Amino acid sequence: MRRVAWARVRAHPAIARRFRRSGAGAVVSTGAEQQEIATSVLVVGGGPVGLALAVGLDRHGVDCVVVERRAAPTEHPKSRGLTSRSMELLRVWGLDAEVRAGGLQPELSYVGAMGWVQHHCETIAGRVFGVTRPEMTSHSPAGKCAVAQDVVERVLSDAAGRAPRVDLRRGHEFLDIEVHETGVVARVRRLADGRTVRVRARYLVACDGASSVVRERVGVPTTGPGVLADMVSYYYRADTAHLPHAHTTSVFMVYPDDPTVQPGPVLASDPTAQRWLYLQRLESPEQPALTESELVRTARGHWGIPDLAVIPLKTIRWQIRAAAAATFRTGPVLLAGDAAHCVPPTGGLGLNTGLQDIQNLAWKLAAVANGIADDALLDTYDAERRPVAEAVLEWSVSNYRRLMVEAPVAAGSRTTDPQRWRRLIVDTDNHTHCEGMSMGYVYRSDAVVDDGSPLPAPDARHYWPTDRPGARFPHMWLDVGETASTIDWFDTEFVLVCGTEASAWSAAGEAYAGNGQIPLVVRTLPFMALPVDIGTDGAVLVRPDGHVAWRSLDATGASVEALTAVLDAVHGRGRADLVDAAPVRQPRPIQPPDVGRSTSSPREEFSSSTTLDRTQARRSS
């Protein structure tokens with residue numbers, strides 16, 4: 001088995017020039033009023049998405065500068081919950097254990113993940129109306145994690161601070177941008193003294209949130225419903241560790257009988273059952289927030305503990321928005337995270353969708369910056385990620401209507417119409433169970449060599465693993481102790497995954513790895529216990545983000561020329577003679593089982609660029 005190190009790849013003449021420069025944020029000139037620095041990628045916004053991009057770029061050998069207004073990571077819990085797909089990314093980076101330690105039930109194994117269990121109750125310490133079921137998984141080495149954003153952001157900030165190619169500049173504010181043929185020049189103000197810094201970069205990635213200044217400066221419009229609600233988040237401390245379910249529940253949906261206590265969600269923020277967040281939906285933008293004394297009284301009413309010691313910590317006003325940018329790329333400027341898509345928190349996929357943006361984008365930026373891909377590869381970022389974000393957005397809006405609009409009405413009539421109330425609580429599982437939505441999407445773009453096999457119907461709730469081009473390559477444990485997974489293979493290189501008897505493809509992969517320009521690792525499955533269509537002599541080419549770029553179901557056409565043609569095509573170097581160079585036969589037609597699909601699915605079909613995969617978990621070859 002041959003592993004191609006980045007050091008050897010950088011020695012290639014076409015790539016080496018990119019590494020003869022200074023490190024991240026190299027100073028190229030100074031002046032009395034301005035300093036100018038140069039970098040490959042400028043990241044505007046140092047929240048979790050921007051920090052994740054910086055970490056990812058560093059792993060790919062690309063320098064970047066990150067500018068962020070805040071002097072330190074957020075201390076407010078904000079959003080919460082990472083899906084298995086997001087935890088897989090952190091696992092590959094070696095950060096999953098630290099993140100999980102800050103979430104609910106950090107001792108749980110992957111298969112027992114309790115992620116996002118909801119209690120519908122009269123008071124948290126009192127009468128319970130219903131409890132959602134935990135979403136178990138056997139499709140990932142990393143279970144969902146009910147962790148608050150401040151924990152995730154702190155871990156990523158520390159990782160970015162350790163990364164040698166990352167220049168993290170806190171206390172810096174993005175002002176404006178000039179777009180040139182060779183990249184961008186951005187003006188950034190250092191808040192401590194007002195001094196302006198000019199940053200020259202080949203690319204700029206906007207990770208500056210829902211009210212993105214970068215998006216506004218480059219004139220990218222948004223589409224979607226817009227503002228759904230005005231909200232206030234009340235962050236407080238209360239020692240409720242004596243209540244067992246306070247350690248196992250992510251969200252308490254509280255519907256008090258006391259009309260003087262406002263209903264609403266109370267969210268857990270740490271494993272000690274001491275940090276809590278109450279979300280209040282305002283009747284109008286002008287409605288005042290609760291005073292500290294009103295918050296203490298409300299919190300005691302929610303918990304049903306009249307003498308509960310409540311310490312208010314921080315109050316934030318914000319809006320639930322639903323909108324997506326019309327494009328995720330305009331020239332050298334790309335949008336990611338909330339700057340690209342504002343996803344309602346109902347479903348918990350906002351931050352997760354942003355992290356998947358980064359997983360998709362980092363390797364593409366690196367391939368272009370390192371001279372092994374055409375700039376057109378970056379167009380596939382929009383083609384692949386925007387349809388996914390739009391689908392997540394629509395699904396989350398549907399959840400919002402259920403949880404924030406229909407549920408309070410049903411709760412108010414629960415004594416006169418108990419069946420309606422019961423149906424709504426039961427249907428909440430379609431909100432909290434979302435494996436299909438979070439990792440079942442199938443990319444379709446020029447960075448995927450499609451084999452014409454059927455695109456399965458969408459299923460937001462259920463994930464059906466497959467090796468179809470564009471899909472996430474399935475997880476399989478590689479050892480009896482269940483410590484190593486196929487998911488661990490996918491990080492910074494392309495991986496040729498070979499069947500147990502695919503000696504022809506394995507030899508072709510090893511030959512390419514020894515002489516090819518694009519980093520490639522050859523892996524052989526120890527056994528065929530995966531729901532894949534390739535035979536024992538077939539092979540699958542997997543991208544660094546873990547999605548299948550191409551497959552050959554058997555040994556037909558196995559050669560270095562075939563792999564070269566495929567890798568060149570995926571990297572935007574044309575598709576000439578691709579079909580002749582790498583022929584594939586059609587897999588057997590998929591006949592998925594008639595499983596129950598969510599009745600609240602936002603649409604019957606995704607756009608032509610993306611679909612959720614619903615392939616049946618089939619045979620072992």
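In the predicted model, the crossing of helices H14 and H15 is right-handed. Helix H14 spans residues 503-515 and helix H15 residues 560-570; the two pack at an angle of about 65°, and their axes lie 8 Å apart. On the H14 side the contact is formed by Trp 505, Ala 508, Gly 509, Ala 511 and Tyr 512, which meet Val 560, Ala 562, Leu 563, Thr 564 and Leu 567 of H15. Sorted by class, the residues of this contact comprise eight nonpolar and two polar residues, with no charged residues. Several residues of H15 are buried, namely Ala 562, Leu 563, Ala 565, Val 566, Leu 567, Ala 569 and Val 570. Just after H15, Gly 572 adopts a positive phi of about 80°.

An open sheet of four strands shows mixed pairing and the order S22-S21-S23-S24. Its edges are formed by strand S22 (520-524) and strand S24 (548-552); each has a single partner strand, so one side of each is left without a neighbour in the sheet. On average, and with direction ignored, neighbouring strands of this sheet are turned by 20° against each other. Strand S23 (residues 539-542) runs antiparallel to S24, to which it is joined by four bridges. Within this pair, Val 540 stands opposite Arg 551 in S24.

A further open sheet contains eight strands in the order S6-S5-S13-S14-S15-S12-S16-S19, again with mixed pairing. Strand S6 (128-131) and strand S19 (341-342) are its edge strands, each pairing on one side only. Helix H10 (residues 379-412) packs on this sheet and touches strand S5 (118-121), strand S12 (222-237), strand S13 (251-254), S15, strand S16 (311-325) and S19; the direction of H10 makes about 125° with that of S16.

Val 254 takes part in both pairings: Cys 121 stands opposite Val 254 in S13, and the bridge partner of Val 254 in S14 is Gly 264. Strand S14 (residues 264-268) pairs in turn with strand S15 (residues 275-281), in the antiparallel sense and over three bridges. In this pair, Ala 268 has Trp 276 of S15 as its bridge partner.

A search of the whole structure finds zero disulfides. Cys 64 is accordingly in no disulfide, and the nearest cysteine sulfur, that of Cys 207, is 10.0 Å away. Cys 64 counts as buried because its relative accessibility is 0%. Cys 121, with a relative accessible area of 1%, is likewise buried.

Over the chain, the secondary structure comes to 16 helices and 25 strands. Of the 621 residues in the chain, 61% are buried. Among contacts between residues at least 6 apart in sequence, 75% join residues at least 24 apart.

Notes:
Residues are numbered from 1 along each chain as its sequence is written. This is a predicted model: local features need pLDDT of at least 70, side-chain atom pairs count only at pLDDT 80 or more; totals for chains, interfaces and linings use all residues. Side-chain values use heavy atoms; hydrogens and water are left out. Two strands pair if DSSP finds at least two bridges between them. Contact means heavy atoms within 4.5 Å. Axes are lines fitted to C-alpha atoms, for helices over the stretch in contact, and angles run from 0 to 180 degrees between N-to-C directions. A crossing is left-handed if the near helix is turned anticlockwise from the far one by less than a right angle, and right-handed if clockwise. Ala, Val, Leu, Ile, Met, Phe, Trp, Tyr, Cys and Pro count as nonpolar, Asp, Glu, Lys and Arg as charged, and the others, Gly among them, as polar. A disulfide is a pair of cysteine sulfur atoms within 2.5 Å. Buried means under 20% relative accessible area, exposed over 50%, partly exposed in between (1.4 Å probe, protein chains only).
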